[in-house]
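This briefing goes through selected local features of one protein model, grouped by topic. Please keep the sequence and the structure in view while reading.

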Amino acid sequence: MSTQTSLISGTAMTPLRKITALGKKRIPRVLFILAAIIMLSFYVYAFHYEPYMITIRHEEVFLDCWNQEHDGLKAVIISDIHQLKTPRHLKRLEQIIELANRENPDLIFLLGDFMGHHITDWNEHTQPEEITAPLARLKNRYGVFAVLGNHDWWFNGRLMRKALEKAGIRVLENEFVEVDVLGKTFSIAGLPDKKTRNYKLDLQKLRKVSEPAILLSHNPDYFRELQLPGELMLSGHTHGGQIALPIIGAIMVPSKYGKKHISGWSYLGDRKLFVTIGTGNSIINARFLCPPEIVVMTLRAASSKQER
């Protein structure tokens, strides 16, 4: 009886063993296919979808040092265009202009890095005039103001500045301009790019800026290092990290202060910094969990908040 049972048991287990062995062989194959699908999906989304998914980000800031007459002025902030001459980049630049013009801004601030450098499109560099000619169509009431970024100077900052000024855009480096609105003035000042032009920083000139004032700096690191007139500083450069991972967040931020100024608001006393993640990409033409943005910022007098 025991011999028969053993034979029956052995016969009965043979197919089960075959199925188990077959399953063990298929599991790695299934995992490989799933991994390939995930990687392909990541590539398509990060390289071909999100970089062109421009969002509009609305912000409101209350400033202690701001004229009541200027309460409610609307500024459009555009940074890090990183333009190439590929058809998709040219189309994206037109989209940026269209989206900005829809907002009917009073002021436009361009925070540098107009030029693009991608390892995947190394031969697709454009010329400054090909970027600034479309930018000349930006609608505004009181002016378009710009600073240059490290990529502009790596290309040719002087040519970039000349092209911007030819398009009617005021470029500021150690300079400020007073804007008259309804009989009252405020200043807009521009800092040199910290990465490539820090040696040009002229604190003597910048400390003469009259308040109320808005400071434009491509690189946000100056916010912690300089004390200048102006309650509000606007910056770009970080791209918000450009590539972010779930839970971990951005894997790299081009700032000596890491993620402290990666995007959005930072505060030091009564001073305020806003960092936009920008509209373009550098090094690689990809974004992940960090879609490009145009910022629409409403400038409010703190006194108007108290009156509410």
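Which residues form a nonpolar patch on the surface? The patch is made of Ile27, Val30, Leu31, Phe32, Ile33, Leu34 and Ile37, and together they have about 700 Å² of accessible area. The model is a predicted one, and the values below are computed from it.

**Surface patch**

- Phe32, one of the patch residues, is placed in helix H1, which covers residues 2–48.
- Phe32 counts as exposed because its relative accessible area is 62%, and the cut-off for exposed is over 50%.

**Salt bridges**

- Searching the whole structure gives 13 salt bridges; some of them are described here.
- Arg161 and Glu165 form one of these, with 2.9 Å between the closest N and O atoms.
- Both Arg161 and Glu165 belong to helix H5 (residues 157–166), where they are four residues apart, or about one turn of the helix.
- An α-helix has 3.6 residues a turn, so residues three or four places apart point the same way.
- Arg161 also meets the side chain of Glu175 in a salt bridge, at 3.1 Å from N to O.
- This second pair links distant parts of the chain, with Glu175 in strand S6 (residues 175–181) and Arg161 in helix H5, 14 residues apart.
- Arg161 is partly exposed at 23% relative accessibility, Glu165 is partly exposed at 38%, and Glu175 is partly exposed at 24%.
- A further salt bridge joins Glu59 to Arg57, whose closest N and O atoms are 2.8 Å apart.
- Is Glu59 buried or exposed? Glu59 is buried, since its relative accessible area is 16% and buried means under 20%.
- Arg57, at a relative accessible area of 24%, is partly exposed.

**Helix H2**

- H2 contains 16 residues.
- From the first C-alpha to the last, H2 reaches 23 Å, which is close to the 22 Å expected at 1.5 Å a residue.
- Which residues of H2 are buried? They are His89, Arg92, Leu93, Ile96, Ile97, Leu99, Ala100 and Asn101.
- The cover over these buried residues includes strand S1 (55–63), S2, helix H3 (128–135) and strand S14 (293–301).
- Just after H2 comes Asn104, which takes a positive phi of about 50°.

**Backbone exceptions**

- Most residues other than glycine have a negative phi, and most peptide bonds are trans.
- Asn104 has a positive phi although it is not a glycine.
- Asn104 lies in the loop between H2 and strand S3 (107–110), and it is partly exposed with a relative accessible area of 46%.
- Asp80 likewise has a positive phi, near 55°.
- Where is Asp80 placed? Asp80 sits in the loop between strand S2 (73–78) and helix H2 (87–102).
- Asp80 is buried, its relative accessible area being 0%.
- Glu211 and Pro212 are joined by a cis peptide bond, with omega at about 0°.
- Pro212 is in the loop between helix H7 (203–206) and strand S8 (213–216).

- S9 pairs with S8 in the parallel sense over three bridges, and Leu215 stands opposite Met233 of S9.
- How many bridges pair S9 with strand S13? S9 and S13 (residues 271–275) pair over four bridges, in the parallel sense.
- Leu234 has Phe274 in S13 as its bridge partner.

Key. Residues are numbered from 1 along each chain as its sequence is written. This is a predicted model: local features need pLDDT of at least 70, side-chain atom pairs count only at pLDDT 80 or more; totals for chains, interfaces and linings use all residues. Side-chain values use heavy atoms; hydrogens and water are left out. A salt bridge is a side-chain nitrogen of Lys or Arg within 4 Å of a carboxyl oxygen of Asp or Glu. Buried means under 20% relative accessible area, exposed over 50%, partly exposed in between (1.4 Å probe, protein chains only). Helices (H or I, at least four residues) and strands (E, at least two) are DSSP runs, numbered from the N terminus. The expected span of a helix is 1.5 Å times one less than its number of residues. Contact means heavy atoms within 4.5 Å. Two strands pair if DSSP finds at least two bridges between them. Patches are made of residues with over 30% relative accessible area and no salt bridge: like charges are joined within 9 Å, nonpolar side chains (Val, Leu, Ile, Met, Phe, Trp, Tyr) within 5 Å. Accessible areas come from the Shrake-Rupley method with a 1.4 Å probe; for residues, only the protein chains shown count as cover.
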